[in-house]
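Please load the model in your viewer and keep the sequence panel open beside it.

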Amino acid sequence: MKNKGCLSAGTIGIALVVIVVILFFWGKSGYNNFVTQEQNVNTKWSNVETVYQKRANLIPNLERTVKSYSKFEQETLTKVVEARSKATSINIDPTNMTQQDLAKFQAAQGELSGALSRLMAVVESYPNLKADQQYINFQREYTAIENSIRTETVYYNAAAQEYNTTIKKFPNNILANFTNFKEKPYFKADAGAEKAPEVFSE
C-alpha cells in the first residue's frame with residue numbers, strides 16, 4: 001500500500017509538471033502572438049498619423065498661396081488654419097487608446113476636412129486663384145493624401161480587428177486579461193466617407 005501511495009504521488013507530480021510545462025509554452029506562444037499583433041496595430045496607427053500629418057503640412061503653403069489674393073474671404077482661410085491647429089494638437093498613445101480618444105481625433109480631423117472642402121468651394125469664385133499653379137499643386141497633393149488616409153485607416157481597422165478577435169477568443173481571453181492586453185478601438189465611417197474627395201476643376 002505504501003509503494004502504491006508513493007507511485008501515485010509520483011505520477012501526480014509528473015502530471016503536474018507536464019501540465020505546468022504545457023501551460024508555460026501555451027502562455028509564451030499566446031503572449032508573443034499578442035505582442036506581434038499589437039505591434040502591427042501600432043504600426044498601422046503610425047501610418048495613419050503620418051498621412052494626416054502630411055495633410056496638415058500642406059496647409060502653410062495653401063495659406064501663403066491664398067493670402068496672395070487680397071480679395072479672398074479671410075474668414076474661410078482662418079477656419080482652415082484654426083482647424084489644422086486643433087487637429088495637430090491631439091496626441092494619442094496607441095498602446096492605451098480608447099474609443100473616446102479615437103473619436104476625438106477623428107472629429108478634429110473631420111473638422112479640418114470640412115474646412116478645407118469649404119475653402120475649395122469658395123476658390124471656385126476666384127478664377128485667378130483657381131488657376132494658380134501653387135493651388136493646383138495643392139489640389140493634386142490633397143487628393144492623393146485623402147486617398148492615402150482612407151487606405152491607411154482601412155488597414156488600421158483590419159489590424160485592430162485581427163488583434164481584437166485574437167484576444168477575445170477562448171482561452172486567449174483569459175491570458176489577455178491576465179497580461180493586460182486590451183481591445184483596440186476602430187475608426188468609424190463618417191457620412192459620405194465612401195465618396196472620393198471632391199476636387200474642383202482647374
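Is Glu 183, at 42% relative accessibility, buried, partly exposed or exposed? Glu 183 counts as partly exposed at that value, where buried means under 20% relative accessible area, exposed over 50%, and partly exposed in between (1.4 Å probe, protein chains only).

Before the next selection, some conventions apply. The model is predicted, so local features need pLDDT of at least 70 and side-chain atom pairs count only at pLDDT 80 or more, while totals for chains, interfaces and linings use all residues. Residues are numbered from 1 along each chain as its sequence is written, and side-chain values use heavy atoms, with hydrogens and water left out.

**The whole chain**

Display the protein as a cartoon. There are six helices and zero strands, in the order α-α-α-α-α-α along the sequence; helices (H or I, at least four residues) and strands (E, at least two) are DSSP runs, numbered from the N terminus. Of the 202 residues, 36% count as buried. Among contacts (heavy atoms within 4.5 Å) between residues at least 6 apart in sequence, 80% join residues at least 24 apart.

Glu 183 lies in the segment after helix H6 (172-178) and Lys 168 in helix H5, 15 residues apart, and the pair links distant parts of the chain. By this rule the count comes to seven salt bridges.

Select Arg 55 and Glu 146 next. Their side chains meet in a salt bridge of 2.7 Å, N to O. Arg 55 belongs to helix H1 (residues 2-67) and Glu 146 to helix H5, so the pair ties together parts that are 91 residues apart in sequence. Both Arg 55 and Glu 146 are buried.

**Helix H2**

Move to residues 74-88, which form helix H2. At 1.5 Å a residue, the 15 residues of H2 should span 21 Å, and the end C-alpha atoms are 21 Å apart, which agrees; the expected span is 1.5 Å times one less than the number of residues. Colour Thr 76, Leu 77, Val 80, Ala 83 and Ala 87, which are buried. Seen down the axis of H2, the buried residues fall within an arc of 125 degrees, so they line one face of the helix; the arc is that of the directions from the helix axis to the C-beta atoms. The face turned away from the buried side carries the exposed residues Glu 75 and Glu 82.

Now select Glu 75 with Lys 79. A salt bridge joins them, with the closest N and O atoms 3.5 Å apart. The two residues lie four residues apart in H2, about one turn of the helix. Glu 75 is exposed, with a relative accessible area of 56%, whereas Lys 79 is partly exposed at 41%.

Lys 184 counts as buried at 4% relative accessibility. Beyond four places in sequence, its contacts include Tyr 156, Ala 160, Tyr 163 and Asn 164.

Thr 153 is the next selection, in helix H5 (residues 133-168). Thr 153 counts as buried at 13% relative accessibility. A polar atom of its side chain lies 2.9 Å from the backbone oxygen of Arg 150. Not counting residues up to four places away in sequence, Thr 153 touches Val 48, Tyr 52 and Phe 187.

**Backbone geometry**

Finish with the backbone. Most residues other than glycine have a negative phi, and most peptide bonds are trans. A cis peptide bond joins Phe 170 and Pro 171, with omega about 0 degrees; Pro 171 is in the loop between H5 and H6. Asn 180, in the segment after H6, has a positive phi, near 65 degrees. Asn 180 is exposed, with a relative accessible area of 54%.

Conventions: Polar contact = N/O pair within 3.5 Å; in protein donor to acceptor, adjacent residues only side chain to side chain. Salt bridge = Lys/Arg side-chain N within 4 Å of Asp/Glu carboxyl O.
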